[in-house]
Structures are given as structure tokens and as C-alpha cells.
Amino acid sequence: QVQLVESGGGLVQAGGSLRLSCAASGRTFSGYAVAWFRQAPGKEREFVARIRSGGSTYYAGSVKGRFTISRDSAKNTVYLQMNSLKPEDTAVYYCAAGGSGGNYVFEYSIWGQGTQVTVSS
């Protein structure tokens, strides 16, 4: 069973950058798709980006061109590099792993604890 631990959130000014990390323990997640979701207060959890076991990536339109998802197999870690941050990016960001590699919450069974990202104007 894969367990996920997230880190890297914080407070940043608009236009700045953050890199979120999702470290796997217990078992490698090399065979899983890994996705990032985010949830702002009062809103539904929404898809941000995913990377499949074969390496293919996909992004929500709102972050395409600004965010990059990647993995470092040696460190058993998935990253979300966030550039050109906007106040509307403010949310709790969650890392999730699953076997389907889609864009929906129900497709992911293993979740990290979430990390807060706050972007000030």
C-alpha cells in the first residue's frame, strides 16, 4: 500500500513560484497514476494535473502553461512546479494515487494530507 506525504505549500505573492512535493512510502508508486487536486473553501475539489505510470501528463486548462507535474523515480517523489501563481490558485492542494489515471476524484484511492497554498495579490 502506497502512503503519500505532501510538503512545499506556503504563502507567496502573485507571480511567484512554489514547488509541491508528494513523497511515497510503504511501496513505490511507480505503477500508479498520480494526480494533484485542489480545493478552495466552499468549493468542490478540482483536478489540477496528473501523470500516468508511463509518463504522460495532462493539465487543467486553468493551469496549463504555468504548472508542471513530474516525478523523480530515485526519490520516489512526484512534484508540482507552480509558476506565475495567481490569487485564484489559493487552495489546499492534495496529491493522490490511483490505477486509472483520469481526471476525477473517484478514480483515486490514496490521498495525501493536503498542503495549503496561499497566493496574495
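Predicted model: local features only at pLDDT ≥ 70, side-chain atom pairs only at ≥ 80, totals over all residues.
View 1. Strands here are DSSP runs of E with at least two residues, helices are runs of H or I with at least four residues, and both are numbered from the N terminus. Residues are numbered from 1 along each chain as its sequence is written, and side-chain values use heavy atoms, with hydrogens and water left out.

**View 2. The C-alpha atoms fill a box of roughly 40 × 30 × 25 Å, taken along the principal axes.** A compact globule with 121 residues would have a radius of gyration near 14 Å, and the 13 Å of this protein agrees with that. The radius of gyration is taken over C-alpha atoms, and the globule rule is 2.2 Å times the number of residues to the power 0.38. Of the 121 residues, 44% count as buried. Buried means under 20% relative accessible area, exposed means over 50%, and partly exposed lies in between (1.4 Å probe, protein chains only). Contacts, meaning heavy atoms within 4.5 Å, also tell us about the fold: among those between residues at least 6 apart in sequence, 57% join residues at least 24 apart.

**View 3. One disulfide is found in the structure.** A disulfide is a covalent bond between the sulfur atoms of two cysteines. In this model, the rule for finding one is a pair of cysteine sulfur atoms within 2.5 Å. The partners are C22 and C95, with an S to S distance of 2.0 Å. Because C22 lies in strand β3 (residues 18-25) and C95 in strand β9 (residues 91-98), the pair ties together parts that are 73 residues apart in sequence. The link of C22 and C95 is left-handed, with -80 degrees about the S-S bond. Are these two cysteines buried or exposed? Both C22 and C95 are buried.

**View 4. R38, E46, R66 and D89 are linked in a network of salt bridges.** A salt bridge is a side-chain nitrogen of Lys or Arg within 4 Å of a carboxyl oxygen of Asp or Glu, and by this rule the count comes to three. Let us begin with R38 and E46, whose side chains meet at 2.8 Å, N to O. R38 is buried, with a relative accessible area of 5%, whereas E46 is partly exposed, at 36%.

**View 5. D89 forms a salt bridge with R38 (2.9 Å, N to O).** D89 lies in the loop between β8 (77-82) and β9, and R38 in strand β4 (residues 33-39), so the pair ties together parts that are 51 residues apart in sequence. D89 is buried, with a relative accessible area of 0%. D89 also forms a salt bridge with R66, where the closest N and O atoms are 2.8 Å apart. As R66 lies in the loop between β6 (57-59) and β7 (67-72), this pair ties together parts that are 23 residues apart in sequence. Like D89, R66 is buried.

**View 6. E107 is buried yet has no salt bridge.** Where does E107 lie? E107 lies in the loop between β9 and β10 (110-111). The nearest side chain of opposite charge is that of R52, 6.9 Å away. For charge, Lys and Arg count as positive and Asp and Glu as negative, while His and the chain ends are not counted. Leaving aside neighbours within four places in sequence, E107 is in contact with G98, G99, S100 and G102.

**View 7. T115 is found in strand β11 (residues 115-120).** T115 is buried, with a relative accessible area of 10%. A polar atom of the T115 side chain lies 3.2 Å from the backbone nitrogen of G9. Apart from neighbours within four places in sequence, the residues in contact with T115 are E6, S7, G8, G9, L20, A91, V92 and Y93.

**View 8. W36 lies in strand β4.** W36 counts as buried, at 0% relative accessibility. Look for V48 as well: W36 and V48 are 12 residues apart along the chain, and their C-alpha atoms are separated by 5.4 Å.

Key. Polar contact = N/O pair within 3.5 Å; in protein donor to acceptor, adjacent residues only side chain to side chain.
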